[in-house]
Amino acid sequence: MTDIQRCEIRPGRLVEWTLHPAAVRAAADMPEDTRPPAYVQESHVRTARSVREDGLFVPTWLGAAFDIPGRVDLGTLQEALRAWTLRHETLRSGFRWIGDDMRRFTLDADAVLLHRRDQGAFGDAGKLTRYLQDRFDTVADALSWPNFIYTAVVRDDGTSVYMAFDHSNVDAHSIHRIPAEIHELYASAAAGRRLDAPAAASYVDFCALERTEADRLDDTHEIVSRWREFIVQCDGKLPNFPVELGLDPEGPLPTQKFMQEMLVDDADAAAFEAYCRPYGGSLVGVLAATALIVREIGGQQVYRTVVPFHTRVRSQWSDSVGWYVGGAPIEVPVAQAPDFDGALRMVRAALRENRPLSRKPIARVLKLLGADFRPTSPDLYSIVSFVDARATTGSEHWQDLKAYGLIRVSYGDQVCVWLTRLHEGLQLASRYPDTDIARKNMRLFTERLREHVVAVAREALVAGRSGVRPTPHG
């Protein structure tokens, strides 16, 4: 994962595809789709509207970038992009406001057409990068529809594809799958094979199912009670990252800074994973290390956070594009952890107990709690996320294809840390408030996390050679 400034954009001729005006007009006449928005979609759009009403435009799109080597036929690429769009129903589904209610509409598949526009040659990579960011901000906007755009930078030796979507339609798993799917569709079209890409399971259907289940909750449900206790322990709020960030509580929403680097190489990442496997794997290890680090630099006696988990609990959703993410609150009494193994045990216990809470949308829980979190930031809480992307189709070619997931960095007072296990190692990406104190503490956090991972990995490697389980790591 990276931002658009770091995805190796090179000069070339820019071509864009958006939904054809005729398709947009057809959508305006579509009747209401009775399938409701997911709670996460509704919360996202309402947050965007609230922030906008406060006079601040906060782009929140996600995107994908990848190369197609060799000369590319733009007509064939357009066929592939249209076929991919048809495969994922959420892309042709949007929302209208009826009073204060969000109502869904969904464009018929046979009405989906793409409009191609040649924007001319860009000889300067910096100007092209700024142009793409501005276009993505405008088109892939939570409060507009359609809210996606596809672009290609064409050169003699190959083409770079850049795609952006409002977050309401995609998550990291969705983004990771895009390069291989588009490559496969393009190769099929180029070979003259009919593009009968089967439709993936619909995220719109998932939204309706999840909301029906969530609406069965009431304020006496155990899940609601456990969230209530957690929020009380967080002083009536959802948790930010527990180190000093230099925020002015009376000041405007700060701009954010982005950091992205390879934390450790494949060998160290594999050894760390092997050490942590008896406790549940790298996610547990990362959270255990984080708990120890925030105790060290922030003085935290209890590490409280909301851990993101995917909600693709059935295999039918595995190929679907959508926002399949929930959150589980955990508390780690890190003051009682004598060493790394002790922290691992605490995190494992917390995740085992609380992961089921991630399957019920937090927006529904907050509504039942009567918690009035008027959104002033695009992020409801801070996260430390871990994703193993190695099983994603085509991930072994990402480096050669300059394939990236794109994150928009703009404004916010929360900290988001994404750790991604790649074939090359463990990558860290983070966005955080752009203050002197936050920069210092996030750099310190990153270096300490690297030190923990490397120390554990080296112990695991030594133990592996001797055949002895490593002693607890302090």
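User: How many strands form the open sheet, and in what order?
Analyst: The open sheet has 6 strands, in the order β5-β1-β6-β7-β2-β12, with antiparallel pairing. Two strands count as paired if DSSP finds at least two bridges between them. Helices (H or I, at least four residues) and strands (E, at least two) are DSSP runs, numbered from the N terminus.

User: Which are the edge strands?
Analyst: β5 (114–122) and β12 (404–407), each of which pairs on one side only. On average, neighbouring strands of this sheet are turned by 20° against each other, ignoring direction.

User: Before we go on, what sort of model is this?
Analyst: This is a predicted model, in which local features need pLDDT of at least 70, side-chain atom pairs count only at pLDDT 80 or more, and totals for chains, interfaces and linings use all residues. Residues are numbered from 1 along each chain as its sequence is written, and side-chain values use heavy atoms, with hydrogens and water left out.

User: Back to the sheet. How many bridges pair β6 with β7?
Analyst: Strand β6 (residues 148–155) and strand β7 (residues 158–165) pair over 8 bridges in the antiparallel sense. A hairpin through 2 residues joins β6 to β7. T151 has Y162 of β7 as its bridge partner, and V153 stands opposite S160 in β7.

User: And how many bridges join β2 to β7?
Analyst: There are 8 bridges between β2 and β7, and the two run antiparallel. A65 stands opposite Y162 of β7.

User: Is β7 mostly covered or mostly open?
Analyst: β7 is mostly covered, with 8 of its 8 residues buried. Buried means under 20% relative accessible area, exposed over 50%, and partly exposed in between (1.4 Å probe, protein chains only). G158, S160, Y162 and A164 are buried on one side of β7, and T159, V161, M163 and F165 are buried on the other.

User: Which helix packs on the sheet?
Analyst: Helix α5 (residues 172–190) does, touching β2 (62–69), β7 and β12. The direction of α5 makes about 35° with that of β2. Axes here are lines fitted to C-alpha atoms, for helices over the stretch in contact, and angles run from 0 to 180 degrees between N-to-C directions.

User: What is found in the loop between β7 and α5?
Analyst: N169 is found there. N169 counts as buried because its relative accessible area is 2%.

User: Which side chains make polar contacts with N169?
Analyst: The side chain of T90 does, at 2.8 Å, and so does that of N147, at 3.0 Å. A polar contact is a pair of N or O atoms within 3.5 Å; within protein, one must be able to donate a hydrogen and the other to accept it, and residues adjacent in sequence count only if both atoms are side-chain atoms. Not counting residues up to four places away in sequence, N169 touches Q41, T90, L91, N147, V321, G322 and W323. Contact means heavy atoms within 4.5 Å.

User: Changing topic: which residues touch the most other members in the largest nonpolar core?
Analyst: L287, F340, L351, L419 and L449 do, in a core of 54 residues. Helix α9 (residues 282–298) gives the most to this core, with 10 residues. A second, separate core of 42 residues includes W17, L62, I68 and V154. A nonpolar core is a set of buried Ala, Val, Leu, Ile, Met, Phe, Trp, Tyr and Cys residues joined through side-chain atoms within 4.5 Å.

User: What about α10, which residues are buried there?
Analyst: F340, D341, G342, A343, L344, M346, V347, A350, L351 and N354 are the buried residues of α10. At the N-terminal end, D339 caps α10, with a side-chain oxygen 3.2 Å from the backbone nitrogen of D341.

User: And what covers the buried residues of α6?
Analyst: The cover includes α2 (39–53), β3 (93–98), β4 (101–106) and α11 (362–369). The buried residues of α6 are Y203, V204, F206, C207, A208, E210, R211 and A214. At the start of α6, a side-chain oxygen of S202 comes to within 3.0 Å of the backbone nitrogen of V204.

User: Last one: where is L247?
Analyst: L247 is in the loop between α7 (222–233) and β8 (256–265). L247 counts as partly exposed because its relative accessibility is 34%. Leaving aside neighbours within four places in sequence, L247 is in contact with N240, P254, D413 and P433.
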